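Welcome! Here is a short tour of one protein model, written for someone who is just starting out with structures. Take a look at it first, and then read on.

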Amino acid sequence: MTKFDKLFHIRKDISNRIVPVLPVLDSEGKWHVWLDRGIDLQEIRVIKPVESDYFAQKADSKEDVFFEFINFMYQRGTRDDVYPILRAIKDDMHNLASCFAKLEFFHKLKEEQKLDVSRFVVTEIEYIFGVCRSLFDLFQIITKKYWNGIKLFEYKHPKRELKDSFGDMVLKGEEIRNSEEIQNKFGLPPQWADFYVSEADFFKKIRKYRDDIHHRGLITDFIFNTSKGFAIQADYGPFACFNVWNKDTFLQNNLAPIKPIIAFIVKETFEAMNRYVQMLAKIIRFPEEIAPGYYIFMRGYHISKLTELDDCIKNNVWYSDHK
């Protein structure tokens, strides 16, 4: 008997796998939370967690969020050397959600206090693009750790060490490598190389945009504080290249809302992470789910903002209805 036998939701044949000791919501709506005392787990009484990942058969609240990437990593992909990176990714996701809440707050502050919040907005946008750019490198580091631990059978290309940077995998200077080049250079299977190629154009755009912001300050003088929200000229290159806007939502002088752009960038980054684990699951033989019948949900003070990304892109593109 081990201390993990108390975790009723965890399968018994876990061998030497990492067991995430997360809160659990059982089928009767009761919360179970344990403290890891080293040699034993002590269950403590709680009403419900405020900010936490948790196991459940269904979400406790519509504001809690399911991400395929996070669920896969906990359920099938967690290792000692991967878990710290997973924690960093989760922190980034919570922080990105907080950015959307802060931008709403800045608009309200601007309207009520008549303050110029342009610098507040600029720094948030800089942060959002920087985090989305870095998320690609974080799951690239995970990729490298998995890659170093597998063997390929009957594959024509010799297996070589992968790069730590996503950009170094997909780009040769400013040119995107094709699938065959990636297969030849690193010995990756075709599906794996195809994944890099499919994400390369979006990655290249956010990398360039992030570099333009950080190193050349291209956005600072182009934020407009309108009564409806924060706007930018629709033909401003770094934004226009994403082709997200509906022109019917523009204000006079071709002013376009910023919200759809940043929502699109975050959404596409998360979807790339989901496609990443879908690809890995087809190539690497991962263990079965550690908690069959359960899913991982994320909850937090602002995490529900990440459920609104589609709405921010298509419908709720401004921060108020002022004319």
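In helix α1, F69, M73 and G77 meet F139, I142 and Y146 of α3; contact here means heavy atoms within 4.5 Å. Helices (H or I, at least four residues) and strands (E, at least two) are DSSP runs, numbered from the N terminus. This is a predicted model: local features need pLDDT of at least 70, side-chain atom pairs count only at pLDDT 80 or more, and totals for chains, interfaces and linings use all residues. Residues are numbered from 1 along each chain as its sequence is written, and side-chain values use heavy atoms, with hydrogens and water left out.

**Helix α1 and its neighbours**

- The angle between α1 and α3 is about 25 degrees, and their axes lie 14 Å apart; axes are lines fitted to C-alpha atoms, for helices over the stretch in contact, and angles run from 0 to 180 degrees between N-to-C directions.
- That makes α1 roughly parallel to α3, because angles under 35 degrees count as roughly parallel, over 145 as roughly antiparallel, 65 to 115 as roughly perpendicular and the rest as oblique.
- α1 passes α3 in a left-handed crossing, a term used if the near helix is turned anticlockwise from the far one by less than a right angle (right-handed if clockwise).
- With α2, α1 packs at about 155 degrees, the axes being 11 Å apart.
- That makes α1 roughly antiparallel to α2.
- On the α1 side, this contact is made by F69, I70, M73 and Y74, and on the α2 side by Y83, L86, I89, K90 and M93.
- The crossing of α1 and α2 is left-handed too.

- D80 sits in the loop between α1 (68-77) and α2 (83-113).
- Is D80 buried or exposed? With 65% relative accessibility, D80 counts as exposed; buried means under 20% relative accessible area, exposed over 50%, and partly exposed in between (1.4 Å probe, protein chains only).
- From D80 to K267, 187 residues apart along the chain, the C-alpha atoms are separated by 28 Å.

**The nonpolar cores**

- In soluble globular proteins, nonpolar side chains tend to be buried together.
- A nonpolar core is a set of buried Ala, Val, Leu, Ile, Met, Phe, Trp, Tyr and Cys residues joined through side-chain atoms within 4.5 Å.
- The largest one has 99 residues, and F69, F270 and Y276 have the most contacts inside it.
- Helix α3 (residues 118-148) gives the most to this core, with 14 residues.
- Another core, of five residues, lies apart from it; L25, W31, A56 and F297 are among them.

**The five-stranded sheet**

- Five strands form an open sheet in the order β3-β2-β1-β4-β10, with mixed pairing; two strands pair if DSSP finds at least two bridges between them.
- At the edges are β3 (41-44) and β10 (295-299), each pairing on one side only.
- α1 packs on this sheet, where it touches β4 and β10, and its direction makes about 125 degrees with that of β10.
- Strands β1 (residues 24-25) and β4 (residues 52-56) pair in the parallel sense over two bridges, and V24 stands opposite F55 in β4.
- Strand β2 (residues 31-36) and β3 run antiparallel, joined by four bridges.
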